[in-house]
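The note goes from overall content to individual helices and residues.

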Amino acid sequence: MAAIPIATLASALVGLSDHPQIFRIISNISGCDLWCLKLSDASKCLLSDPQALAILSQSELAQFDKFRYHRDRLAYFAKRLLIRNVLCKYAVVTPEAWKFTANEHGLPMLSAEHKVDHLHFNLSRTTDLAVCAISKHGSIGIDVEDITGPDITELSTTILSVKEHRKLQRLPARERGFAMLRYWTLKEAYAKCRGVGLSLPISESCFDYEDPESVHMTVLSDSDKNANPLRFNQVILLNRYLIAVAQRVDCA
């Protein structure tokens, strides 16, 4: 199994005139919209605008204040700034007026009072980037990882299926780190699309991404029997960030 060249997965950014820190990701992924915000830009927003935190609800402000370190506060603020502004592209609601709840696994959802049952979102973040995916046609999951970050290949025996692990071991050593991230982001996005997060035994799902135009998943246990139909895709952003998306097949 050869590693997919980064160029194959490349994507581009388009800025928003009304919120220049937020960018739409233009990619080959259909059925959903992808958006991003650099944490460094969110930090500039906090420093330059004394009212920046006014976009957060009282419960979000309380959560913001609980974080001990600035980097954690910044990451939390960036995701809230991103999703609150992006959602305004899909409904006539001001950024600060959006209300959220969570499912039994703690994954965020829109409050039922907005009456936008057709609108689904998911968030992820890594070193200097927060991303979100918006779908109008079914559940969605997204994960982003920094490909310049630490090598997580040592986790392969607990994260990968037996088949995936064998494929990984057959790769040249220099390709294993990126291959491992491709598996990890797909599995994380899949679990979030299922609405259960990492409570799902992700080693019991098996991915085949040899064809960059068609990523396939095989379910290995009854715990995942309701997983299908889903589809998957990946993009590389800024030659640094690997993004995986899992979405319902009816997202076309």
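1. Basis of the values. This is a predicted model, in which local features need pLDDT of at least 70 and side-chain atom pairs count only at pLDDT 80 or more, while totals for chains, interfaces and linings use all residues. Residues are numbered from 1 along each chain as its sequence is written, and side-chain values use heavy atoms, with hydrogens and water left out.

2. Overall content. The secondary structure of the protein chain comes to 6 helices and 12 strands, where helices (H or I, at least four residues) and strands (E, at least two) are DSSP runs numbered from the N terminus. Of the 252 residues of the protein chain, 49% count as buried; buried stands for under 20% relative accessible area, exposed for over 50%, and partly exposed for what lies in between, with a 1.4 Å probe and protein chains only. Taking a contact as heavy atoms within 4.5 Å, residues 24 or more positions apart account for 55% of the contacts in the protein chain with a separation of 6 or more.

3. Helix α6. This helix covers residues 173–193, and its 21 residues reach 31 Å from the first C-alpha to the last, close to the 30 Å expected at 1.5 Å a residue; the expected span is 1.5 Å times one less than the number of residues. Because 16 of its 21 residues are buried, α6 is largely enclosed by the rest of the structure. Gly195 follows α6 and has a positive phi, near 85°.

4. Packing of α1 on α3. Helix α1 (residues 39–48) and helix α3 (residues 70–87) pack at an angle of about 95°, and their axes are 9 Å apart. The two helices are therefore roughly perpendicular to each other. On the α1 side the contact is made by Leu39, Ala42, Ser43, Cys45 and Leu46, and on the α3 side by His70, Leu74, Ala75, Phe77, Ala78 and Leu81. For these values, axes are lines fitted to C-alpha atoms, for helices over the stretch in contact, and angles run from 0 to 180 degrees between N-to-C directions; angles under 35 degrees count as roughly parallel, over 145 as roughly antiparallel, 65 to 115 as roughly perpendicular and the rest as oblique.

5. Cysteines. A disulfide is a covalent bond between the sulfur atoms of two cysteines. Here it is taken as a pair of cysteine sulfur atoms within 2.5 Å, and by this rule the count comes to 0 disulfides. The sulfur of Cys36 has its closest cysteine sulfur in Cys132, at 8.7 Å, which is too far for a bond. Cys36 is buried at 2% relative accessibility, and Cys45 is buried with a relative accessible area of 11%.

6. Ser124. This residue is in strand β6 (residues 120–126) and is buried, with a relative accessible area of 6%. The side chains of Ser124 and Asp143 are joined by a polar contact of 3.2 Å, and the side chain of Ser124 also reaches the backbone nitrogen of Val144 at 3.2 Å. A polar contact is a pair of N or O atoms within 3.5 Å; within protein, one must be able to donate a hydrogen and the other to accept it, and residues adjacent in sequence count only if both atoms are side-chain atoms. Not counting residues up to four places away in sequence, Ser124 touches residues including Lys79, Leu129, Ile142 and Lys192.

7. Asp146. Strand β8 (residues 140–146) holds Asp146, which is buried with a relative accessible area of 6%. Its side chain makes a polar contact of 2.7 Å with the side chain of Thr127 and another of 2.8 Å with that of Arg240.

8. Most residues other than glycine have a negative phi. Lys115, however, has a positive phi of about 55° although it is not a glycine; Lys115 lies in the loop between β5 (108–110) and β6 and counts as exposed at 74% relative accessibility. Leu238, with phi near 55°, is in the loop between β11 (230–237) and β12 (241–248) and counts as partly exposed at 43% relative accessibility.
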